[in-house]
Amino acid sequence: MWKVLGFIQKNLVWSVPVFMIAGLIFGAVANPTPLTALIIPLTFLMVYPMMINLQIQKVLSGGDYKVQLLTQLINFAVIPFFAFGMGRLFFADQPLVALGLLLASLLPTSGMTISWTGFAKGNISAAIKMTVIGLILGSIATPFYAKWLMGAVVEIPLASIFKQIIIIVFLPMVLGFVTRITLIQIVGADKYQKNLKQKFPAFSTLGVLGIVFVAMALKAKDIIANPLVLLSFLIPLAILYVGNFLFSTLIGKFFFKRGDAIALVYGTVMRNLSIALAIAMTAFGKEQGSEIALIIAMAYIIQVQAAAWYVRFSDRIFGPVPDSQSTMQQSA
(Lines give C-alpha, C1' and ligand atoms only; values in the text may rest on other atoms or scores of the structure.)
Protein backbone atom coordinates (compact mmCIF):
# COMPACT_ATOMS: atom_id res chain seq x y z
CA MET A 1 0.00 0.00 0.00
CA TRP A 2 2.78 2.43 0.92
CA LYS A 3 4.48 1.85 -2.42
CA VAL A 4 1.25 2.67 -4.25
CA LEU A 5 0.64 5.79 -2.15
CA GLY A 6 4.25 6.89 -2.59
CA PHE A 7 4.03 6.43 -6.35
CA ILE A 8 0.81 8.48 -6.51
CA GLN A 9 2.32 11.22 -4.37
CA LYS A 10 5.52 11.46 -6.42
CA ASN A 11 3.57 11.56 -9.68
CA LEU A 12 0.94 14.21 -8.90
CA VAL A 13 1.45 15.71 -12.33
CA TRP A 14 -0.16 12.53 -13.71
CA SER A 15 -2.31 11.49 -10.75
CA VAL A 16 -4.35 14.71 -10.73
CA PRO A 17 -5.36 14.48 -14.44
CA VAL A 18 -6.25 10.78 -14.00
CA PHE A 19 -8.60 11.57 -11.12
CA MET A 20 -9.99 14.56 -12.99
CA ILE A 21 -10.88 12.31 -15.93
CA ALA A 22 -12.29 9.65 -13.59
CA GLY A 23 -14.49 12.26 -11.91
CA LEU A 24 -15.60 13.55 -15.29
CA ILE A 25 -16.63 10.06 -16.40
CA PHE A 26 -18.42 9.35 -13.13
CA GLY A 27 -20.35 12.62 -13.27
CA ALA A 28 -21.34 11.94 -16.87
CA VAL A 29 -22.78 8.45 -16.27
CA ALA A 30 -24.08 8.72 -12.68
CA ASN A 31 -25.71 11.18 -10.31
CA PRO A 32 -22.81 12.91 -8.52
CA THR A 33 -24.94 14.65 -5.87
CA PRO A 34 -24.32 12.00 -3.14
CA LEU A 35 -20.60 12.73 -3.44
CA THR A 36 -21.14 16.04 -1.65
CA ALA A 37 -21.30 14.05 1.62
CA LEU A 38 -17.62 13.18 1.08
CA ILE A 39 -16.40 16.79 0.89
CA ILE A 40 -15.88 17.30 4.64
CA PRO A 41 -14.22 13.90 5.30
CA LEU A 42 -11.95 14.30 2.27
CA THR A 43 -11.07 17.83 3.35
CA PHE A 44 -10.04 16.58 6.78
CA LEU A 45 -8.03 13.75 5.17
CA MET A 46 -6.34 16.33 2.95
CA VAL A 47 -5.40 18.86 5.64
CA TYR A 48 -4.90 17.03 8.96
CA PRO A 49 -1.99 14.75 7.94
CA MET A 50 -0.01 17.66 6.48
CA MET A 51 -0.37 19.51 9.80
CA ILE A 52 1.22 16.67 11.78
CA ASN A 53 4.66 17.41 10.32
CA LEU A 54 4.27 21.21 10.59
CA GLN A 55 6.96 22.41 12.98
CA ILE A 56 5.22 25.44 14.48
CA GLN A 57 7.94 25.97 17.10
CA LYS A 58 10.47 26.77 14.35
CA VAL A 59 8.86 30.21 13.95
CA LEU A 60 10.33 31.24 17.29
CA SER A 61 13.91 30.76 16.08
CA GLY A 62 15.33 33.96 14.59
CA GLY A 63 18.28 34.90 12.43
CA ASP A 64 16.70 35.25 9.00
CA TYR A 65 14.29 38.15 9.43
CA LYS A 66 15.15 39.80 6.11
CA VAL A 67 14.31 36.79 3.93
CA GLN A 68 11.18 36.04 5.98
CA LEU A 69 9.90 39.62 5.68
CA LEU A 70 10.60 39.89 1.96
CA THR A 71 8.99 36.49 1.33
CA GLN A 72 5.73 37.53 2.96
CA LEU A 73 5.77 40.91 1.22
CA ILE A 74 5.93 39.07 -2.12
CA ASN A 75 3.25 36.64 -0.98
CA PHE A 76 0.74 39.28 0.10
CA ALA A 77 1.69 42.53 -1.65
CA VAL A 78 2.64 41.23 -5.12
CA ILE A 79 1.33 37.77 -6.05
CA PRO A 80 -2.38 38.24 -5.12
CA PHE A 81 -2.59 41.37 -7.26
CA PHE A 82 -0.80 39.66 -10.14
CA ALA A 83 -3.32 36.79 -9.89
CA PHE A 84 -6.20 39.26 -9.63
CA GLY A 85 -4.99 41.01 -12.80
CA MET A 86 -4.71 37.67 -14.61
CA GLY A 87 -8.25 36.86 -13.52
CA ARG A 88 -9.54 40.18 -14.83
CA LEU A 89 -7.70 39.67 -18.13
CA PHE A 90 -8.61 36.05 -18.86
CA PHE A 91 -11.81 35.46 -16.91
CA ALA A 92 -13.69 38.76 -16.99
CA ASP A 93 -16.94 36.89 -17.73
CA GLN A 94 -16.14 33.98 -15.33
CA PRO A 95 -15.85 35.60 -11.89
CA LEU A 96 -15.89 32.29 -10.00
CA VAL A 97 -12.89 31.04 -11.99
CA ALA A 98 -11.12 34.34 -11.32
CA LEU A 99 -11.90 33.87 -7.62
CA GLY A 100 -10.36 30.38 -7.75
CA LEU A 101 -7.17 31.85 -9.19
CA LEU A 102 -7.14 34.47 -6.44
CA LEU A 103 -7.73 31.89 -3.69
CA ALA A 104 -4.78 29.85 -4.89
CA SER A 105 -2.55 32.93 -4.84
CA LEU A 106 -3.61 33.93 -1.32
CA LEU A 107 -2.49 30.73 0.39
CA PRO A 108 1.30 30.52 0.05
CA THR A 109 3.56 27.60 0.91
CA SER A 110 2.82 23.98 1.64
CA GLY A 111 4.74 20.96 2.83
CA MET A 112 6.17 20.78 -0.67
CA THR A 113 7.83 24.17 -0.11
CA ILE A 114 10.10 22.45 2.40
CA SER A 115 10.59 19.37 0.23
CA TRP A 116 11.51 21.23 -2.95
CA THR A 117 13.80 23.58 -1.01
CA GLY A 118 15.59 20.51 0.30
CA PHE A 119 15.84 18.95 -3.17
CA ALA A 120 17.46 22.15 -4.47
CA LYS A 121 19.80 22.32 -1.44
CA GLY A 122 18.26 25.52 -0.12
CA ASN A 123 17.81 26.76 3.45
CA ILE A 124 15.35 24.25 4.89
CA SER A 125 15.08 26.01 8.26
CA ALA A 126 14.00 29.23 6.54
CA ALA A 127 11.54 27.27 4.37
CA ILE A 128 9.90 25.71 7.44
CA LYS A 129 9.34 29.15 8.97
CA MET A 130 7.99 30.48 5.67
CA THR A 131 5.53 27.59 5.54
CA VAL A 132 4.15 28.17 9.02
CA ILE A 133 4.03 31.97 8.76
CA GLY A 134 2.57 31.90 5.24
CA LEU A 135 -0.12 29.42 6.22
CA ILE A 136 -1.22 31.44 9.26
CA LEU A 137 -1.11 34.83 7.50
CA GLY A 138 -2.79 33.46 4.39
CA SER A 139 -5.60 31.87 6.38
CA ILE A 140 -6.32 35.15 8.17
CA ALA A 141 -5.93 37.39 5.11
CA THR A 142 -7.80 35.31 2.51
CA PRO A 143 -11.38 36.30 3.46
CA PHE A 144 -10.49 40.00 3.51
CA TYR A 145 -8.63 39.92 0.17
CA ALA A 146 -11.44 37.94 -1.44
CA LYS A 147 -14.05 40.39 -0.19
CA TRP A 148 -11.95 43.42 -1.17
CA LEU A 149 -10.95 42.29 -4.66
CA MET A 150 -13.87 40.10 -5.75
CA GLY A 151 -16.75 41.19 -3.53
CA ALA A 152 -18.20 43.43 -6.23
CA VAL A 153 -18.79 40.55 -8.68
CA VAL A 154 -19.07 37.49 -6.43
CA GLU A 155 -20.97 37.21 -3.16
CA ILE A 156 -18.23 36.42 -0.66
CA PRO A 157 -19.60 34.59 2.42
CA LEU A 158 -17.14 36.17 4.85
CA ALA A 159 -18.49 34.47 7.98
CA SER A 160 -18.63 31.10 6.24
CA ILE A 161 -15.04 31.40 5.01
CA PHE A 162 -13.78 32.29 8.49
CA LYS A 163 -15.73 29.38 9.97
CA GLN A 164 -14.33 26.94 7.43
CA ILE A 165 -10.78 28.25 7.91
CA ILE A 166 -11.08 27.58 11.64
CA ILE A 167 -12.37 24.07 10.91
CA ILE A 168 -10.02 23.13 8.07
CA VAL A 169 -6.85 25.03 9.04
CA PHE A 170 -6.55 25.95 12.70
CA LEU A 171 -8.32 22.94 14.22
CA PRO A 172 -6.21 20.44 12.20
CA MET A 173 -3.13 22.55 13.04
CA VAL A 174 -3.78 22.11 16.78
CA LEU A 175 -4.67 18.43 16.36
CA GLY A 176 -1.60 17.88 14.19
CA PHE A 177 0.69 19.47 16.79
CA VAL A 178 -0.81 17.32 19.56
CA THR A 179 -0.56 14.20 17.37
CA ARG A 180 3.11 14.79 16.56
CA ILE A 181 4.06 15.40 20.20
CA THR A 182 2.10 12.32 21.28
CA LEU A 183 3.68 10.09 18.62
CA ILE A 184 7.18 11.26 19.51
CA GLN A 185 6.51 10.49 23.17
CA ILE A 186 5.20 7.02 22.30
CA VAL A 187 7.67 5.82 19.64
CA GLY A 188 10.58 8.23 20.13
CA ALA A 189 11.92 11.02 17.93
CA ASP A 190 14.21 8.75 15.86
CA LYS A 191 11.47 6.29 14.90
CA TYR A 192 9.09 9.14 14.15
CA GLN A 193 11.61 10.81 11.83
CA LYS A 194 12.62 7.56 10.06
CA ASN A 195 9.35 5.60 9.86
CA LEU A 196 6.30 7.80 10.43
CA LYS A 197 7.05 11.30 9.16
CA GLN A 198 7.20 10.32 5.49
CA LYS A 199 3.86 8.48 5.59
CA PHE A 200 1.53 11.38 6.47
CA PRO A 201 1.87 13.35 3.19
CA ALA A 202 0.62 10.30 1.27
CA PHE A 203 -2.71 10.48 3.10
CA SER A 204 -2.98 14.19 2.27
CA THR A 205 -2.47 13.28 -1.38
CA LEU A 206 -5.42 10.88 -1.22
CA GLY A 207 -7.59 13.69 0.16
CA VAL A 208 -6.45 16.02 -2.65
CA LEU A 209 -7.27 13.46 -5.33
CA GLY A 210 -10.62 12.71 -3.71
CA ILE A 211 -11.59 16.39 -3.68
CA VAL A 212 -10.46 16.76 -7.31
CA PHE A 213 -12.60 13.73 -8.25
CA VAL A 214 -15.67 15.16 -6.49
CA ALA A 215 -15.23 18.65 -7.98
CA MET A 216 -14.94 17.24 -11.49
CA ALA A 217 -17.91 14.91 -11.04
CA LEU A 218 -20.12 17.77 -9.84
CA LYS A 219 -19.21 19.91 -12.87
CA ALA A 220 -19.02 17.03 -15.39
CA LYS A 221 -22.08 17.92 -17.44
CA ASP A 222 -21.01 21.57 -17.80
CA ILE A 223 -17.48 20.57 -18.81
CA ILE A 224 -18.69 18.01 -21.36
CA ALA A 225 -20.90 20.71 -22.87
CA ASN A 226 -17.81 22.93 -23.21
CA PRO A 227 -14.72 20.66 -23.14
CA LEU A 228 -12.21 23.42 -23.92
CA VAL A 229 -12.94 25.16 -20.63
CA LEU A 230 -10.23 23.27 -18.73
CA LEU A 231 -7.59 23.89 -21.39
CA SER A 232 -8.36 27.61 -21.21
CA PHE A 233 -7.13 27.57 -17.61
CA LEU A 234 -3.62 26.41 -18.51
CA ILE A 235 -2.38 29.59 -20.23
CA PRO A 236 -3.14 32.04 -17.38
CA LEU A 237 -1.86 29.52 -14.84
CA ALA A 238 1.38 29.10 -16.78
CA ILE A 239 1.83 32.87 -17.02
CA LEU A 240 1.17 33.23 -13.29
CA TYR A 241 3.74 30.61 -12.32
CA VAL A 242 6.39 31.69 -14.84
CA GLY A 243 6.01 35.32 -13.76
CA ASN A 244 6.21 34.31 -10.12
CA PHE A 245 9.33 32.20 -10.66
CA LEU A 246 11.07 34.97 -12.62
CA PHE A 247 10.25 37.70 -10.10
CA SER A 248 11.22 35.64 -7.04
CA THR A 249 14.41 34.41 -8.72
CA LEU A 250 15.54 37.96 -9.47
CA ILE A 251 14.80 39.07 -5.90
CA GLY A 252 16.64 36.03 -4.55
CA LYS A 253 19.73 36.56 -6.70
CA PHE A 254 19.87 40.27 -5.97
CA PHE A 255 19.36 40.23 -2.20
CA PHE A 256 20.36 36.81 -0.82
CA LYS A 257 22.90 34.03 -0.82
CA ARG A 258 22.09 30.73 -2.48
CA GLY A 259 20.35 28.90 0.38
CA ASP A 260 18.05 31.76 1.38
CA ALA A 261 17.37 32.64 -2.27
CA ILE A 262 16.10 29.13 -3.05
CA ALA A 263 13.96 29.12 0.09
CA LEU A 264 12.48 32.47 -0.97
CA VAL A 265 11.65 31.15 -4.45
CA TYR A 266 9.83 28.08 -3.18
CA GLY A 267 8.33 30.05 -0.30
CA THR A 268 6.67 32.44 -2.73
CA VAL A 269 5.89 30.27 -5.77
CA MET A 270 4.49 27.14 -4.13
CA ARG A 271 0.85 27.66 -3.19
CA ASN A 272 -1.15 25.70 -0.64
CA LEU A 273 -3.58 24.41 -3.24
CA SER A 274 -4.98 21.86 -0.78
CA ILE A 275 -6.25 24.57 1.57
CA ALA A 276 -7.53 26.60 -1.40
CA LEU A 277 -9.46 23.55 -2.63
CA ALA A 278 -10.84 22.94 0.85
CA ILE A 279 -12.09 26.53 1.20
CA ALA A 280 -13.64 26.48 -2.28
CA MET A 281 -15.50 23.22 -1.68
CA THR A 282 -16.72 23.95 1.85
CA ALA A 283 -17.41 27.69 2.01
CA PHE A 284 -19.13 28.38 -1.32
CA GLY A 285 -21.65 25.58 -1.69
CA LYS A 286 -21.81 22.70 -4.14
CA GLU A 287 -22.29 24.54 -7.45
CA GLN A 288 -20.07 27.57 -6.90
CA GLY A 289 -17.47 25.60 -4.96
CA SER A 290 -16.95 23.01 -7.67
CA GLU A 291 -16.54 25.72 -10.32
CA ILE A 292 -14.02 27.61 -8.20
CA ALA A 293 -12.15 24.36 -7.52
CA LEU A 294 -11.56 23.48 -11.18
CA ILE A 295 -8.80 26.00 -11.82
CA ILE A 296 -7.19 25.18 -8.46
CA ALA A 297 -7.09 21.51 -9.48
CA MET A 298 -5.46 22.44 -12.79
CA ALA A 299 -2.85 24.46 -10.88
CA TYR A 300 -1.49 21.23 -9.38
CA ILE A 301 -0.35 20.13 -12.82
CA ILE A 302 1.58 23.36 -13.45
CA GLN A 303 2.95 23.72 -9.93
CA VAL A 304 4.41 20.24 -9.51
CA GLN A 305 5.99 20.22 -12.97
CA ALA A 306 7.43 23.73 -12.59
CA ALA A 307 8.86 23.01 -9.13
CA ALA A 308 10.58 19.85 -10.37
CA TRP A 309 12.16 21.60 -13.36
CA TYR A 310 13.36 24.49 -11.20
CA VAL A 311 15.34 22.05 -9.02
CA ARG A 312 17.22 20.93 -12.14
CA PHE A 313 18.24 24.49 -12.99
CA SER A 314 18.91 25.77 -9.46
CA ASP A 315 22.69 25.22 -9.68
CA ARG A 316 22.86 27.11 -12.99
CA ILE A 317 20.82 29.98 -11.56
CA PHE A 318 22.37 30.32 -8.11
CA GLY A 319 25.65 28.45 -8.51
CA PRO A 320 26.78 25.17 -6.92
CA VAL A 321 26.21 24.40 -3.25
CA PRO A 322 29.01 25.82 -1.05
CA ASP A 323 30.86 23.17 0.96
CA SER A 324 29.79 24.73 4.25
CA GLN A 325 26.12 24.69 3.26
CA SER A 326 26.37 21.09 2.04
CA THR A 327 27.74 20.05 5.44
CA MET A 328 24.90 21.86 7.23
CA GLN A 329 22.31 20.19 4.94
CA GLN A 330 23.70 16.75 5.76
CA SER A 331 23.67 17.41 9.50
CA ALA A 332 20.08 18.73 9.28
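A residue counts as buried under 20% relative accessible area, as exposed over 50%, and as partly exposed in between (1.4 Å probe, protein chains only). With a relative accessible area of 39%, K121 is therefore partly exposed. The model here is a predicted one, in which local features need pLDDT of at least 70, side-chain atom pairs count only at pLDDT 80 or more, and totals for chains, interfaces and linings use all residues. Residues are numbered from 1 along each chain as its sequence is written, and side-chain values use heavy atoms, with hydrogens and water left out.

K121 sits in the loop between α7 (111-119) and α8; helices (H or I, at least four residues) and strands (E, at least two) are DSSP runs, numbered from the N terminus. The phi angle of K121 is near 60 degrees, a positive value in a residue other than glycine.

Next comes helix α6, which is mostly covered, with 11 of its 12 residues buried. Among the buried ones are L96, V97, A98 and G100. Part of the cover comes from α4 (65-77), α5 (79-90), α8 (124-150), α13 (231-255), α15 (273-283) and α16. As for length, the expected span is 1.5 Å times one less than the number of residues.

How does α6 (residues 95-106) sit against α16 (residues 286-318)? The two helices pack at an angle of about 55 degrees, with their axes 8 Å apart. Axes are lines fitted to C-alpha atoms, for helices over the stretch in contact, and angles run from 0 to 180 degrees between N-to-C directions. That makes α6 and α16 oblique to each other, since angles under 35 degrees count as roughly parallel, over 145 as roughly antiparallel, 65 to 115 as roughly perpendicular and the rest as oblique. On the α6 side, L96, V97, L99, G100, L101 and L103 meet Q288, E291, I292, I295 and I296 of α16, where contact means heavy atoms within 4.5 Å.

Helix α11 (residues 200-218) is also mostly covered, as 16 of its 19 residues are buried. Its 19 residues should span 27 Å, and its end C-alpha atoms are 28 Å apart, which agrees.

Finally, F90 belongs to helix α5. At 31% relative accessibility, F90 counts as partly exposed. Leaving out residues up to four places away in sequence, F90 touches I235, P236 and I239. F90 and L175 are 85 residues apart in sequence and 40 Å apart in space, C-alpha to C-alpha.
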